[in-house]
Amino acid sequence: MALEDYEREMNGCIRCSLCKFMPLALIGREETSDVCPAVWRHGFHTYSGGGRVIAANSVRLGRSELSDELVDIIYRCQMCGACDIPCHTYGQVVEPLQIARELRMKCVEEGLAPLEAMVTVDNLGREDNPFGEPKAERGSWAEGLDVRGLDGGKADVLLHVGCRYSYDESLRPVIRTIAGLLQKAGVDFRAALSEEACCGGRAFDLGYRGEIEKYADDLAGRVRAVGATTLVTPCGDCYGAFTNQYPTIERALEGVEILHVSQLIEQLRGQGVIETRNEVPKLVTYHDPCHLGRLGEAYEHWKGEYPAVGGILVPEPDKPKQVGGGGVYDAPRALLRSIPGIELVEMDRIRQYSWCCGAGGGVLESDPDFARATALERIREARSTGAVAIVTSCPWCVRNLRDAQEGSDDIFEVFDVMELLEKSLGSDS
């Protein structure tokens, strides 16, 4: 699609500013009323979802140019999708996130993407990961685990590890724990190891549609090669790419069940295959990753028209509203509650209204101070619950929430759900 395809949506924005805040009925405290990190950080309407819609419409009509200043604003956004949820919940289907993506795609088409975005995509082109790490070393996380690769025969389950878990040595114990758990539980799975490639989601959010199309087709080929009917990933970003972004570009993985690893482990626990035994005495709060939560909701591709009914343009057929409720929220919390000694308390901004960790949309690379400030705001909110640690289910969130606290004398603990689960497993699990 292109900006021109969103003419109706752009003209339908009523400048209500709902895209900036929690719904009024859910606001508990003023300090946690914001949902958009960009407008929270920069304090000007253009940085909000609605502001980007207005800017996009102005560019579409030729009233504005993609100046250096406007491009800078366009890329100071984590693309977290929080702006979509209140907009859609209250009946406006303006599509601020999709329009923001199209605006970035226009920047890419005109050669105006920031250097950091071009470096990321260059790394993808050379090594199939955004870090530029050697592709040949992608599967080294599995050394000594006897994990079967694509040449290990057919299997119902394909484990897609993702770039962050594959290359981040500080997080490798998590993916090794997951693989060990699946093996002990008797799950017949395969992993692509060094043949795995990026999901393409981060390139898509930077405005590079061609990249995600390539990686979506690549993954579909691996799924077919293994004969898998279930695709499992421990990465929130990858999960959102598979369930939400791929259908957006009409590359849905048809006939394949997509699970976050927390969902699969919770299923196994419910069947008694995995049992939490050891006590882990800790008061924790849970952070919903954007791409696992609101952006993990299955995307419904709409093709229709806006005929006039009584002088009002009405979508025909009805246009589906992505309100974020279909993301993965319950499984990680169920796993936490199953651990003896764990007490879970909730923050104000949770589930589809979760505050972003700050690592998405290229902000981590192009504006690390903004990424850090966003993460510290989440840590501040977590501390306010009385919890002693924040737990999440995405390696990008774990890493950014930890990195944001570097140099601090008072470190707030950050865990992946699987780290606490491992502490609780009995010796025969």
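**Helix contacts and salt bridges**

Modeller: V174, T177, I178 and L181 of helix 9 meet M418, E419, L421 and E422 of helix 18, where contact means heavy atoms within 4.5 Å. Helices (H or I, at least four residues) and strands (E, at least two) are DSSP runs, numbered from the N terminus. The residues of this contact divide into 5 nonpolar, 1 polar and 2 charged. Here Ala, Val, Leu, Ile, Met, Phe, Trp, Tyr, Cys and Pro count as nonpolar, Asp, Glu, Lys and Arg as charged, and the others, Gly among them, as polar.

Biologist: Before we go on, what sort of model is this?

Modeller: It is a predicted model, in which local features need pLDDT of at least 70 and side-chain atom pairs count only at pLDDT 80 or more, while totals for chains, interfaces and linings use all residues. Residues are numbered from 1 along each chain as its sequence is written, and side-chain values use heavy atoms, with hydrogens and water left out.

Biologist: Back to the helices: at what angle do the axes of helix 9 and helix 18 cross?

Modeller: The axes of helix 9 (residues 172–184) and helix 18 (residues 417–424) cross at roughly 55° and come within 9 Å. Axes are lines fitted to C-alpha atoms, for helices over the stretch in contact, and angles run from 0 to 180 degrees between N-to-C directions. Helix 9 and helix 18 are therefore oblique to each other. Angles under 35 degrees count as roughly parallel, over 145 as roughly antiparallel, 65 to 115 as roughly perpendicular and the rest as oblique.

Biologist: And how do helix 14 and helix 18 lie to each other?

Modeller: The axes of helix 14 and helix 18 come within 10 Å and cross at roughly 30°, so this pair is roughly parallel. P332, L335 and L336 of helix 14 make the contact with V417, M418, L420 and L421 of helix 18. These residues divide into 7 nonpolar, no polar and no charged.

Biologist: New topic: how many salt bridges are there?

Modeller: The count comes to 33 salt bridges, a salt bridge being a side-chain nitrogen of Lys or Arg within 4 Å of a carboxyl oxygen of Asp or Glu. Side chains of opposite charge can pair when their charged atoms come close.

Biologist: Take E381 and R378: are they buried or exposed?

Modeller: E381 counts as buried because its relative accessibility is 0%, and R378 is buried as well, at 0%. Buried means under 20% relative accessible area, exposed over 50%, partly exposed in between (1.4 Å probe, protein chains only). Their side chains meet in a salt bridge of 2.9 Å, N to O. Both residues lie in helix 16 (residues 368–383), 3 residues apart, about one turn of the helix.

Biologist: Which residues are linked with them in a network?

Modeller: The network of salt bridges links R349, E377, R378, R380 and E381.

Biologist: What about R351 and D330?

Modeller: The side chains of R351 and D330 meet in a salt bridge at 3.2 Å, N to O. This pair links distant parts of the chain, 21 residues apart: R351 is in the loop between strand 8 (342–345) and helix 15 (363–366), and D330 is in helix 14 (residues 330–338). R351 is partly exposed, at 27% relative accessibility, whereas D330 is exposed, at 51%.

Biologist: Last one: where is L259?

Modeller: L259 is in strand 4 (residues 257–260) and counts as buried, at 6% relative accessibility.
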